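Please open the model in your viewer and keep the selection tool handy. We will go from chain to chain, stopping at a few places along the way.

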Amino acid sequence: MSGLGFINPFGVRELPGTTTGDFYTANFAQKAQPGRVILNLGPQHPSTHGVLRILAEMEGEYVWRAEPVLGYLHRMHERMAEVKTPQQFLPNMGRVDYLHPLAWNWAYVGAVEKLAGLEPPERAQWLRTLSCELNRISSHLLWWGAFVMDLGGVTPILYAFEEREKINDILQIITGSRLTMSYFRLGGVCADADDRFLALTREFVPYLRERLKMYRGLVTDNVILRRRLEGVGPIDVDMCRRYGATGPVLRAAGSPNDLRRDVPYGTYPQHDFWPATGFPDDCFGRYLVRLAEIESSLDIVEQAVRGLPPGPIMVDKPPKANFKMPAGETYFAVEGARGQVGVHLVSDGGKNPYRVKLRAPGFSNLSLFAEAAQGTLLADAVAILGSLDLVIPEIDR
Amino acid sequence: MALSLAVFVQIIVAVLLVIGLMVGNAVVMVYVERKACGFIQRRPGPFEVGPRGLLQAVCDSMKLLGKQIFVPGNIDWPLHFLAPVVAFLPVLLLYLPIPFGPYLTSLQVDDGILLILAFAGLGAVSNILAGWSSNNKYGLLGAARAVAQSVAYEIPMIMALLAVIFMTGTMNLTTLVEGQGGWPWQWNIVRQPLACFIYVVCLVAETNRAPFDLPEAESELTAGFHTEYSGMGFALFFLSEYANMLLVSFVCAVFFLGGWRGPFLDGFWWTFAKAYAIMFFIVWIRWTFPRVRFDQLLNLNWKWLLPLSILNLWLTAVVVKLAN
Amino acid sequence: MTVLDNLAADWKKCGACVVSRHDFRKDGLTLSAVTPTKALKAAAEALLRAGYALLDVSVMEVREGFLATYHFDSFAEAGRTALRTLVPFEAPELPSLSGLFQGAEWHERECSDFFGVRFFGNPNPVPLLLPDDFDGPPPLRKDPAALAPLSALGLFGVPEILDPAWAELIGPGGRPKGDRA
C-alpha cells in the first residue's frame, strides 16, 4: 500500500507484482487483474474472530477473489499428541476448539477407548451427552451473538454472553473450568454430577426456551437482518461435498447429516431428537439451523437430566500412567458444534500414539469460503464468513 | 444584512458559545450513549470514574487530548490534517441560525435553513479527505461510501424540508417555530407526517449513525474513513459527529416538533428537550438494529425515499395552491 | 449395500491392490483400499461419482515410506471409506485431488507443511499452517530409528505381509511427464 494518494488521483491502480506486502500478499497478487485493489482483512480485523486473515481482490465493493491465510494460531497439536501419552494429551483437546471443547474431548477419548476396548459405564455416557450438549448450546449462543455483531448489531452478543455465563456456571460445577474444559477421561468422566448441577440444569432449560422466543422477536424477525441474510451466500450440498463441509453448514444445505443420529455414539440413540433441516441454503438458513439446534440440544439436555442413571462414572480399572494402547488404528468422529470432529489415531503399541490426525470441521468449512464469497459484496462476504461459524484455534490446530 | 460591528461581536460570542455547546454536548452524549447502551445491553455501563461514572466522559476526553498522534507512512500530509478541521469548523456556522428560544438566536437570517443545508454538505468533504489522505484501503472504501451516502440522502432530506417550507412559506427558522402551536397536534409533524418520517431516516443516514453507519462500518471496514486517525484527529471527528447529530435534531425539533413552543412555559428548554429526545432515539436504534448493506442503503434512498419525498412535495404544492 | 459393492468394483477396475470391507461399528470404516499412486485419482473419481465427500488427508510416516490415508464420508448414508497409498521417501510425490474435491487443496498443503510431501497439480502450493519462511525439518517427520514398519501398526485393510502388488506402489510416483507444478 504505497503512495496510494499521489500517483493516480483518478483511480487506484495496483499492477500484479508491484504490490508490497508479505509473501502471501505477493502470492495472491500474482493472479490479480490490474486495476483491482488487494484488501487485506486481518489477522486483526473485527469480523475475523481471532486471527484469521483474508486476502480479497476487490473491485469497488465487490470481492472478486478471496483467499484465507491460516496459521496465525498454529500450535502443532498433532506433534504434541505424538510425544505425550493419551492422558497427558487430553487437556490439549480443550484448547483446540475453545467454544466446544467437550466434543474434542469426546473425539479423542472415544478414539482411544475404541482402540483399547474400554467401555465407559452408563452414567458416564449420560454425563458425556449432557455436558456435551450444554456445551454445544453455549457454542451456538456465542456464534449467534458474534454473527449478529458481524452484521452490525452489537447488542445480541451481550445477551448471548449472559446465557453463556449461566451455562459456564453450570458446567463449571462438573468440569471445573469455564472455557477450555477437560472433563472426559479414558473410561469415564472425572467428576460426578451433584444435585446443584442437576437443579441448575433443570432450571436453565425452560429459561433459555423463553429467552429464545425473545431473540426471535428481537433479532430473527428483524427486517434488516433478514434482508442482509436471505439469499446471501448460497451453499448447496454439492459444494459441501466438494469441500467436505459438515455440520450446520451441510444441514442448512439440505442434507440431514448428523453423526449423533447417523452413527450413534454415546447415549444419542436413546434420545428423541431430529437433526435440524428444511431451511434455505443461504446465510439465513444457516442462522436458523443453529437456532433450531439450540432447541434440539435443549431437548436432549432435558431428556438426559431426566434419564441420568445411577452408577459409577469410571470403569473399574481406569488406565494408569503406564497405560499402553494396543497396536492398531481407529477413526472416531463426533458431531461438534461446527461439524464432524474426527480423530484418526494410529498406535504401534507404545505409550504414545504413533500418529494422531485431528480432523477439524472448521478447516473444511472455511475452505469453501473462497468459492462462496466470489462476486459478493464485501458486507456479504463478511456475513458468509460469519455464517460458517469459525473458531480459528480449531482450524489452525 | 450589513456586517456591522455589533453583528460581528454577536457572531464571535455565538461561535464561542457554540463551541461550548459542542464540547458539552459531546461530553454529555458520551455518557448518555454509554449508559443507554449499557442499559439496552443489560450491563451497568461506565460506573467506576466519579459518582455513577459521571466523570467517564471527562477522562475519555483527557485521554484523547493526551494521546500521541500516530501518523501512518506515505500519507497526504496537508489533507490528512485538514480533514478533521474541515469536519469540525462548518459545524460552528451551522448552529448560528438555530432558534434555541424566542430571543435566543445567534444570527437572525431569513434563509436560515439554506445556510444550514449549504454548510452541512461540507461534512462529506471532510470524510473524503480523511479517507483519501490516510493511505489506507479501508479509509478509501469508507470515503467512497461516505460520498455516495451523503449525496444520496441529502436530496430527500431537502425535499422533505422543502415540503414544510412550501406549506409555511418561510425559510426563516424563527418564523417556522412561531407558526406552530404549543401542543403536539399543532406541530408540523401532524400536517407533514411523511416529510417528518423521511427527514428522520435521512437524519440518521446523514450523520452516519447505525444502522446507516456504512462509512465507518466496523465489521467490514474496521473504522472506515477515520481508521488512521488517533488522538485529537479522532476526537475532532468524534466531536463533529455528535455536533452534527445535535444539529439535525435541532432542525427536526424546529421544523416538525414546534421548536421552543410547549404546552406551557415556552422557552429554549423545550428545544433542548425535543432535540435530546431525538438524540436518544438515534442512540436507541443504533444499539438495536443490525447494519444495512450498502446497496440496500442506496436502494432505500433512490427507490423509496426520493419518490416518496417528491410525491409529498407535489401533494403539498397542490394542497397549498388549492387552499390559496 | 450396493453403493459399497459398486465402489469396490470400481476401485478394483482402477487398479487398487487391496480392497477390504470393515465393520463400521468396530473400525470406523466401511470400506478401504490400498491403491498405487497412479490409480489414486481414478479411485477418488469413483468416490466423487458415488457422492462421497473428502473428510481429511492423513499422512503417516512408516518405515516403507509415507502412507497417505484419504478419508471420505458419504452424506447419503452413514459410513466412512478410506483410500491409502504409499510413496517412497526418495520421491514423496502424490497427485493432487483438488481437481475433484476442491477442499483437498488445503488438506494437501497441510500435509506438505508437516511432512514435506509434494502434491503435484495443487493450484496453490504455498505453506498453509506453517510460516512461509519456516526453515526446519517438516515438524511431523520422525526420527528414522523410531519409524515403525507397516506390519507393526495393524492398519485396517493393509496386509501384514507385503505381497508382490506392493512392489508397484513403492516406486516412482504417478507424476505425468513434463508436469512441474
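Predicted model: local features only at pLDDT ≥ 70, side-chain atom pairs only at ≥ 80, totals over all residues.

Residues are numbered from 1 along each chain as its sequence is written, and chains are lettered from A and ligands numbered from 1 in the order in which they are written.

**Stop 1: where the chains meet**

Colour by chain to begin. Now select the place where chain A meets chain C: 40 residues come from chain A and 31 residues from chain C. On the chain A side, the elements that each supply at least two residues include α3 (77-82), β7 (340-347) and β8 (355-359). Helices (H or I, at least four residues) and strands (E, at least two) are DSSP runs, numbered from the N terminus. This side of chain A has 15 nonpolar, 13 polar and twelve charged residues. Here Ala, Val, Leu, Ile, Met, Phe, Trp, Tyr, Cys and Pro count as nonpolar, Asp, Glu, Lys and Arg as charged, and the others, Gly among them, as polar.

Next, go to the side of chain A that touches chain B. There, 34 residues of chain A are in contact with 28 residues of chain B. Among the elements of chain A that each supply at least two residues to this side are α6 (122-150), α7 (156-175) and α16 (378-387). By class, the chain A side holds 19 nonpolar, nine polar and six charged residues.

What about chains B and C? No contact joins them, and their closest C-alpha atoms lie 24 Å apart.

**Stop 2: a residue in chain A**

Select A:V356, which sits in strand β8 of chain A. Is A:V356 buried or exposed? A:V356 is buried, with 25 other C-beta atoms within 10 Å (buried needs 20 or more such atoms within 10 Å, exposed has 12 or fewer, and partly exposed lies in between, with C-beta atoms placed from the backbone). Leaving out residues up to four places away in sequence, A:V356 touches A:E78, A:A81, A:E82, A:V343 and A:L345.

**Stop 3: chain B**

Show chain B on its own. Chain B has 13 helices and two strands. Along its principal axes, the C-alpha trace of chain B spans about 65 × 50 × 45 Å. Buried residues make up 48% of the 324 residues in chain B.

Now select residues 122-133 and 137-168 of chain B, which are helices α5 and α6. To form their contact, α5(B) supplies residues including B:G123, B:A124 and B:W132, and α6(B) supplies residues including B:G139, B:L140 and B:V151. The residues of this contact divide into nine nonpolar, six polar and no charged.

**Stop 4: chain C**

Finish with chain C, which has six helices and seven strands. Trace them from the N terminus on, and the elements run α-β-α-β-α-β-β-β-β-α-β-α-α. Of the 181 residues of chain C, 49% count as buried.

Key:
Contact = placed C-beta atoms within 7 Å. Axes fitted to C-alpha atoms, helices over the stretch in contact; angles between N-to-C directions.
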